[in-house]
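Load the model and follow along.

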Amino acid sequence: MEDEVDRLVAAWRRERPDLDVEPLEVLSRVSRLARHLDRARRLAFAEHQLEPWEFDVLTALRRAGTPYQLSPGQLLTQTLVTSGTMTNRIDRLAKKGLVERLPDPSDRRGVLVRLTDEGRDRADQALAGLLDQERAILGELSRAQRGELAGLLRQLTAPFDNVPG
């Protein structure tokens with residue numbers, strides 16, 4: 001079965017036989033798959049009236065376990081945004097009733113962000129929808145193939161995820 005990347009690679013091999021275009025065979029597919037996944041994520045989240053960034057913050061809190069709260073700094077680390085962006089996001093989620101700010105008992109000047117019941121329900125429902133979308137994307141692969149692919153992708157992403165600072 002041929003895909004768009006096969007056609008792209010063939011064209012580059014014809015036009016630039018002096019270049020080794022083999023990386024395109026993998027990374028162009030990863031890039032195209034990422035775009036399809038982004039569409040699937042947006043669809044799954046829209047069904048629960050969430051934006052992707054809202055899902056990211058809510059699920060970071062949900063994964064924290066009971067009482068589903070983190071400091072803004074912990075949320076920054078998990079969502080990879082600036083402190084100004086995170087403050088804005090927390091404000092918007094609080095306005096929607098999905099999170100609440102509480103004083104941090106271990107730091108008089110600090111706050112904790114806690115998931116409300118509504119926020120937890122929305123995160124749980126959106127996650128279930130996302131997993132349905134992702135299962136469909138992976139539907140052509142066997143369980144063994146999915147495991148092999150996960151391992152190979154881990155080899156590629158781990159160096160980026162484990163860079164100090």
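This is a predicted model: local features need pLDDT of at least 70, side-chain atom pairs count only at pLDDT 80 or more; totals for chains, interfaces and linings use all residues.

Residues are numbered from 1 along each chain as its sequence is written, and side-chain values use heavy atoms, with hydrogens and water left out.

Helices (H or I, at least four residues) and strands (E, at least two) are DSSP runs numbered from the N terminus. Axes are lines fitted to C-alpha atoms, for helices over the stretch in contact, and angles run from 0 to 180 degrees between N-to-C directions.

| Helix pair | Crossing angle | Axis distance |
|---|---|---|
| α3 and α4 | roughly 115 degrees | within 10 Å |
| α3 and α6 | roughly 105 degrees | within 9 Å |
| α1 and α2 | about 145 degrees | 10 Å |

With that angle, α3 and α4 are roughly perpendicular (the label covers 65 to 115 degrees). α3 and α6 are therefore roughly perpendicular to each other too. On the α3 side, Phe55, Leu58, Thr59 and Arg62 touch α6, which contributes Gly119, Arg120, Ala123, Asp124, Ala126, Leu127 and Leu130. That contact has six nonpolar, two polar and three charged residues.

α1 and α2 also cross in a right-handed way. Their contact brings together Glu4, Val5, Asp6, Leu8, Val9, Trp12 and Arg13 of α1 with Glu22, Leu24, Glu25, Ser28, Arg29 and Arg32 of α2. By class, this one splits into five nonpolar, one polar and seven charged residues.

The largest pocket has a volume of about 990 Å³, and 32 residues line it, with Arg29, Leu33, Leu138, Leu149 and Leu153 nearest its centre. (On a 1 Å grid over the protein atoms alone, a pocket is an open set of points where a 1.4 Å probe fits, with protein on both sides within 12 Å along at least five of seven lines; lining residues have an atom within 4 Å of a point. Points are joined across faces, edges and corners, and the volume is the space filled by probe spheres set on them.) α1, α2, α6 and α7 each supply at least two lining residues, and α2 gives the most, with 10. The lining has 20 nonpolar, three polar and nine charged residues.

Finally, the loop between α3 and β1 holds Pro67 and Tyr68. Thr66 and Pro67 are joined by a cis peptide bond, with omega about 10 degrees. Tyr68 has phi near 60 degrees, a positive value in a residue other than glycine.

Technical notes
Angles under 35 degrees count as roughly parallel, over 145 as roughly antiparallel, 65 to 115 as roughly perpendicular and the rest as oblique. Ala, Val, Leu, Ile, Met, Phe, Trp, Tyr, Cys and Pro count as nonpolar, Asp, Glu, Lys and Arg as charged, and the others, Gly among them, as polar. Contact means heavy atoms within 4.5 Å. A crossing is left-handed if the near helix is turned anticlockwise from the far one by less than a right angle, and right-handed if clockwise.
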